[in-house]
Amino acid sequence: MSENNPFDSIRQISEMWEKGLNGLLFQSVNNNPLIQVTKLGIEANSRYIEMLKRNRELMANYMNLPTKNDVANAVKQTMQAEEKIDILEEQIWNLQDHFTLATQEQNKVLGEILEFTKHIHLEWQKASQELAALSEMKNEFQEMKKLLQKDKKEPVLAAK
């Protein structure tokens with residue numbers, strides 16, 4: 001190493017500082033009163049932070065501003081609402097599918113009813129035609145009976 005290099009001297013000074021600080025830290029870690037003072041300071045600081053949080057919330061409420069908790073609750077409720085909407089959307093799709101199937105079944109049944117009604121109508125027409133033919137035959141039989149009764153003469157017995 002050269003004697004004129006400033007980086008070597010800076011490195012040596014840094015190493016001395018590091019060793020000194022490490023020694024100080026090791027002494028501080030084993031120092032029980034320092035730990036107790038640090039603990040008290042942390043407790044006081046945490047109480048102070050809690051007081052600041054409460055004051056911030058009170059000021060936010062007074063000025064009608066949302067707090068971090070309000071925003072978190074709103075986000076949570078929004079997520080719950082979105083989940084419920086997704087569930088309802090899925091249920092609506094299922095209902096639409098069921099309605100489609102029910103409509104198809106109804107159309108099928110109505111088609112069968114129409115075919116059955118047409119068949120009954122045709123049978124009714126046939127029965128009506130047969131009834132008309134039978135009525136016509138009955139009328140003809142009655143006319144023939146009348147004709148037979150008119151032309152029928154009782155035989156007269158001749159004496160011998």
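Is glutamate 50 buried, partly exposed or exposed? Glutamate 50 is partly exposed, with a relative accessible area of 41%, where buried means under 20% relative accessible area, exposed over 50% and partly exposed in between, computed with a 1.4 Å probe on protein chains only.

Before I go on, this is a predicted model, in which local features need pLDDT of at least 70 and side-chain atom pairs count only at pLDDT 80 or more, while totals for chains, interfaces and linings use all residues. Residues are numbered from 1 along each chain as its sequence is written, and side-chain values use heavy atoms, with hydrogens and water left out.

Let me stay with glutamate 50, which forms a salt bridge with lysine 53, the closest N and O atoms being 3.9 Å apart; by salt bridge I mean a side-chain nitrogen of Lys or Arg within 4 Å of a carboxyl oxygen of Asp or Glu. The two residues are separated by about one helical turn, because they are three residues apart in helix α2, a helix being a DSSP run of H or I with at least four residues, numbered from the N terminus. Lysine 53, at 36% relative accessibility, also counts as partly exposed.

A search of the whole structure finds two salt bridges, and the other one to show you joins arginine 11 to glutamate 15, with 3.1 Å between the closest N and O atoms. Both of these residues lie in helix α1, residues 6–29, four residues apart, or about one turn of the helix. Arginine 11 is partly exposed at 35% relative accessible area, and glutamate 15 is partly exposed with a value of 35%.

Turning to surface patches, these are made of residues with over 30% relative accessible area and no salt bridge, like charges being joined within 9 Å and nonpolar side chains (Val, Leu, Ile, Met, Phe, Trp, Tyr) within 5 Å. Ile13, Met16, Trp17, Leu21 and Leu24 form a nonpolar patch with about 580 Å² of accessible area together, areas coming from the Shrake-Rupley method with a 1.4 Å probe. Leucine 21, one of its members, is found in helix α1 and is partly exposed at 46% relative accessibility.

A negative patch is formed by Glu82, Glu83, Asp86, Glu89 and Glu90, with Asp and Glu counted as negative and the charge placed at CG of Asp or CD of Glu. Glutamate 90 is found in helix α3.

Finally, asparagine 64 sits in the loop between α2 (32–62) and α3 (68–151), has a positive phi of about 60° although it is not a glycine, and counts as exposed at 68% relative accessibility.
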